[in-house]
Amino acid sequence: MRPRRPPAVTGFPMHPIINIAVKAARRAGNVIMRHLDRVDRLTVENKGRNDFVSEVDRQAEAEIIAVLRAAYPDHGYLAEESGAQPGNDYRWIIDPLDGTTNFAHAYPHFCVSIALELNSDTLMGLVYDPVHNEKFRAV
């Protein structure tokens with residue numbers, strides 16, 4: 001028996017969305033990699049126990065949102081650093097630097113994570129490792 005596609009995906013072509021998400025993740029990855037050899041000079045704040053944020057997180061998030069907003073101006077966002085921004089029934093979920101602690105210690109195991117949901121149904125997810133230039137996606 002063939003798996004049934006979720007109703008939220010019906011009639012909505014995924015490849016343009018995936019391409020835009022990849023573009024956004026790569027842009028964020030470029031921001032992250034530009035700072036990797038300067039982690040000792042970064043400002044890192046403690047958001048909570050074992051939860052850190054750096055200026056790189058914020059810059060990478062801004063790049064992601066700029067790319068997504070240019071392509072899909074009506075979509076909403078739930079971003080780790082800037083929080084929720086309302087939009088239509090589509091919402092992007094963004095962790096611009098998943099593994100900030102590793103990044104802050106120049107340990108090269110971190111990624112950019114982006115997902116898209118429609119009315120709380122997850123349509124796609126993308127994880128991009130800028131160190132190894134590898135991407136993993138699920139639809």
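Is Phe110 buried or exposed in this predicted model? At 5% relative accessibility, Phe110 counts as buried. The legends below return to this residue and to its surroundings.

**Figure 1. Overview of the predicted chain.** The model is predicted, and its chain holds three helices and eight strands. Along the sequence these elements follow the pattern α-β-β-α-β-β-β-α-β-β-β. Of the 139 residues, 40% count as buried. Among contacts with a separation of 6 or more, 49% are made by residues 24 or more positions apart. The chain exposes about 7,900 Å², and carbon and sulfur atoms supply 50% of that area.

Figure 2. Six strands form an open sheet in the order β4-β3-β5-β6-β7-β8, and the pairing is mixed. The edge strands are β4 (83-85) and β8 (134-138), each of which pairs on one side only. With direction ignored, neighbouring strands of this sheet are turned by 15 degrees against each other on average. Helix α2 packs on the sheet, where it touches β3, β4, β5 and β6. The direction of α2 makes about 150 degrees with that of β5. One of the residues in helix α2 is Ala70, which is exposed, with a relative accessible area of 68%. The C-alpha atoms of Ala70 and Ile20 are separated by 9.7 Å, and the two residues are 50 apart along the chain.

**Figure 3. Strand β5 and its two partners.** Strand β5 (residues 90-98) pairs with strand β3 (residues 76-79) in the parallel sense, over four bridges. Within this pairing, Ala79 has Ile94 of β5 as its bridge partner. With strand β6 (residues 111-118), β5 pairs in the antiparallel sense over seven bridges. Tyr90 stands opposite Leu118 in β6, and Arg91 stands opposite Glu117 in that strand.

Figure 4. Eight of the eight residues of β6 are buried, so the strand is largely enclosed by the rest of the structure. In a regular strand the side chains alternate between the two faces of the sheet. Here Cys111, Ser113, Ala115 and Glu117 point one way from β6, while Val112, Ile114, Leu116 and Leu118 point the other way. Strand β6 is joined by seven bridges to strand β7 (residues 121-129), and the two run antiparallel. Across this pairing, Leu116 stands opposite Met124 in β7, and Val112 stands opposite Tyr128. The hairpin of β6 and β7 has two residues between the strands. In this hairpin, Asn119 takes a positive phi near 50 degrees.

**Figure 5. The salt bridge between Glu117 and Arg91.** Side chains of opposite charge can pair when their charged atoms come close. The count for the model comes to one salt bridge. In it, the side chains of Glu117 and Arg91 meet at 2.7 Å, N to O. Because Glu117 lies in strand β6 and Arg91 in strand β5, the pair ties together parts that are 26 residues apart in sequence. Glu117 is buried, with a relative accessible area of 10%, whereas Arg91 counts as partly exposed at 30%.

**Figure 6. The aromatic pairs.** A pair of aromatic rings is described by the distance of the centres and the angle of the planes. The count for the model comes to two aromatic pairs. In one of them, the rings of Tyr72 and Trp92 have their centres 6.2 Å apart and their planes at 35 degrees, so the pair is tilted. Tyr72 lies in the loop between α2 (55-71) and β3, and Trp92 lies in strand β5, so the pair ties together parts that are 20 residues apart in sequence. Tyr72 is buried, with a relative accessible area of 15%, and Trp92 counts as buried at 0%. Phe103 and Phe110 also form an aromatic pair, which is edge-to-face, with 5.4 Å centre to centre and 90 degrees between the planes.

Conventions:
Residues numbered from 1 in each chain as written. Predicted model: local features only at pLDDT ≥ 70, side-chain atom pairs only at ≥ 80, totals over all residues. Heavy atoms only, no water. Pairing = 2+ DSSP bridges. Buried < 20%, exposed > 50% of the residue type's maximum accessible area, 1.4 Å probe, protein only. Contact = heavy atoms within 4.5 Å. Areas by Shrake-Rupley, 256 points an atom, 1.4 Å probe, with all protein chains shown as cover. Phe/Tyr/Trp six-rings, centres within 6.5 Å; stacked < 30°, edge-to-face > 60°. Salt bridge = Lys/Arg side-chain N within 4 Å of Asp/Glu carboxyl O. Axes fitted to C-alpha atoms, helices over the stretch in contact; angles between N-to-C directions.
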